[in-house]
Amino acid sequence: SQEINEFTPTSAADVEQFRLRFLVSKGIVKSLFDEFKSVSPEEKRTLGKVLNDFKQLAELKFSEAQEQFAASAAKAERTADDLTLPGVGFQLGSRHPLSLVRKEIVEIFKKLGFIVAEGPEIEDDWHNFSALNFPPEHPARDMQDTFFVEKKDGNDIALRTHTSSVQVRLMEMGKPPFRAIMPGRVYRNEAISARAHCFFHQVEGLYVDEGVSFADLKQTLYHFVQELYGEGTKVRFRPSYFPFTEPSAEMDISCTICKGEGCQLCKYSGWVEILGCGMVDPNVLENCGIDSKKYTGFAFGMGIERITNLKYEIRDLRLFSENDVRFLSQFETEI
Ligand code: PHE
């Protein structure tokens with residue numbers, strides 16, 4: 001017992017020595033039990049307990065020592081591995097498709113001299129609606145579309161419904177010329193389905209300077225589409241309405257899937273709508289402290305989800321927010 005108590009192993013080899021000395025079938029413990037068989041019944045009573053204690057002590061000491069050296073034993077085993085075997089592979093994460101496409105959009109506009117502007121996702125009524133020329137009774141202010149955070153007399157706080165709010169913040173802060181794009185997340189109170197979600201991502205753009213015309217708007221967006229979807233992608237503009245632009249338009253591109261031939265995605269029309277745009281309404285310029293006699297501007301806004309769907313033939317919006325690796329791992333990895 002004393003020897004066992006004093007046993008202080010310094011290596012895994014010591015532990016093995018201990019095991020061979022005490023615990024194997026020809027070891028001390030086993031041989032003492034063998035001897036025990038031949039002692040008298042009276043002696044057995046006292047000796048039995050002593051022997052059992054001894055056995056337990058040896059086993060306990062061994063398992064403690066074994067634990068202590070388990071790590072180094074594992075290491076020793078590893079050095080004995082075949083070093084020519086290939087290493088253990090590990091999987092890199094990949095970029096989210098919306099991040100990939102946002103980056104692509106930003107890069108295209110950066111080359112045209114647009115800077116990136118950002119603003120808060122929780123906005124007040126002024127920046128999200130009033131400054132943008134939304135009449136007080138406009139349906140977009142309705143509880144149906146907007147997530148209100150707080151009702152405040154005349155200046156409610158809400159989750160922004162578009163990044164046009166950043167245009168207002170930008171114009172309020174400085175002097176023309178302004179040439180910026182505003183990527184960001186926006187929120188609308190819609191039932192979640194394959195085609196709608198309660199939040200999505202936008203890139204809006206704004207260019208304000210002396211003499212900016214609708215021709216500038218068309219050429220900028222035409223160039224953008226050629227860069228993003230490839231040369232030869234056709235565009236067309238349809239008249240539309242937004243409170244903050246006049247005139248307003250929606251831009252369609254020739255369907256990226258069927259190249260204008262007609263398919264399920266474009267409902268056999270050959271065209272898909274990708275953005276809203278127009279000349280900044282003079283009221284908006286004035287609301288932001290800009291002289292609308294001197295300056296004109298254009299603005300546009302697109303949903304990144306829509307742009308991404310067309311690029312990768314994705315048919316269900318919900319895939320973007322479900323974090324399913326089977327979907328996400330199909331996209332580019334960046335190191
Ligand atoms: N803000 C509009 C939207 O959310 C898009 C838009 C931006 C339209 C700028 C015209 C000009 O749908």
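Predicted model: local features only at pLDDT ≥ 70, side-chain atom pairs only at ≥ 80, totals over all residues.

Student: OK, and how many residues surround the ligand, and which are the closest?

Tutor: There are 13 residues around the ligand, and the closest are His162, Ser164, Arg188, Gln202 and Glu204.

Student: Which strands each supply at least two residues of that shell?

Tutor: Strand E6 (199–209), strand E9 (271–280) and strand E10 (296–303) do. E10 gives the largest share, with three residues.

Student: Let's talk distances. How far is the side chain of Glu204 from a ligand nitrogen?

Tutor: A polar side-chain atom of Glu204 is 2.7 Å from a nitrogen atom of the ligand. For Ser164, a side-chain N or O atom is 3.0 Å from a ligand nitrogen. With His162, the distance from a side-chain N or O atom to a nitrogen of the ligand is 3.1 Å.

Student: And how much of the ligand does the protein bury?

Tutor: The protein buries 90% of the 330 Å² that the ligand exposes when taken alone.

Student: Which pocket does the ligand sit in?

Tutor: The ligand sits in the largest pocket.

Student: Switching topic. Glu123: where is it, and is it buried or exposed?

Tutor: Glu123 is part of strand E2 (residues 122–124). Glu123 counts as buried because its relative accessibility is 1%, and the cut-off for buried is under 20%.

Student: What does the side chain of Glu123 make a polar contact with?

Tutor: The side chain of Arg169, at 2.6 Å.

Student: What about Lys110, where does that one sit?

Tutor: Lys110 belongs to helix H5 (residues 97–111). Lys110 is partly exposed, with a relative accessible area of 45%. From C-alpha to C-alpha, Lys110 and Ala180 are 8.7 Å apart in space, while in sequence they are 70 residues apart.

Student: Now the backbone. Where are the cis peptide bonds you'd point me to?

Tutor: Pro177 is in the loop between helix H7 (164–173) and strand E5 (178–187). Another cis bond joins Glu246 and Pro247, where omega is about -5°. Pro247 is placed in strand E8 (residues 245–254).

Student: Which residues have a positive phi, then, without being glycine?

Tutor: Lys267 is one of them, with phi near 50°. Glu313 also has a positive phi, about 55°.

Student: Where is Lys267, and is it buried or exposed?

Tutor: Lys267 is in the loop between E8 and E9. Lys267 is exposed, because its relative accessible area is 64% and exposed means over 50%.

Student: And Glu313?

Tutor: Glu313 is in the loop between helix H10 (304–312) and helix H11 (325–328). Glu313 counts as partly exposed, since its relative accessibility is 45%.

Technical notes:
Residues numbered from 1 in each chain as written. Heavy atoms only, no water. Near = heavy atom within 4 Å. Polar contact = N/O pair within 3.5 Å; in protein donor to acceptor, adjacent residues only side chain to side chain. Areas by Shrake-Rupley, 256 points an atom, 1.4 Å probe, with all protein chains shown as cover. 1 Å grid on protein atoms, 1.4 Å probe; cavity = no way out; pocket = protein on both sides within 12 Å on 5 of 7 lines; lining within 4 Å. Sits in = over half its atoms within 2 Å of the grid points. Helix = DSSP H or I, 4+ residues; strand = E, 2+ residues; numbered from the N terminus. Buried < 20%, exposed > 50% of the residue type's maximum accessible area, 1.4 Å probe, protein only.
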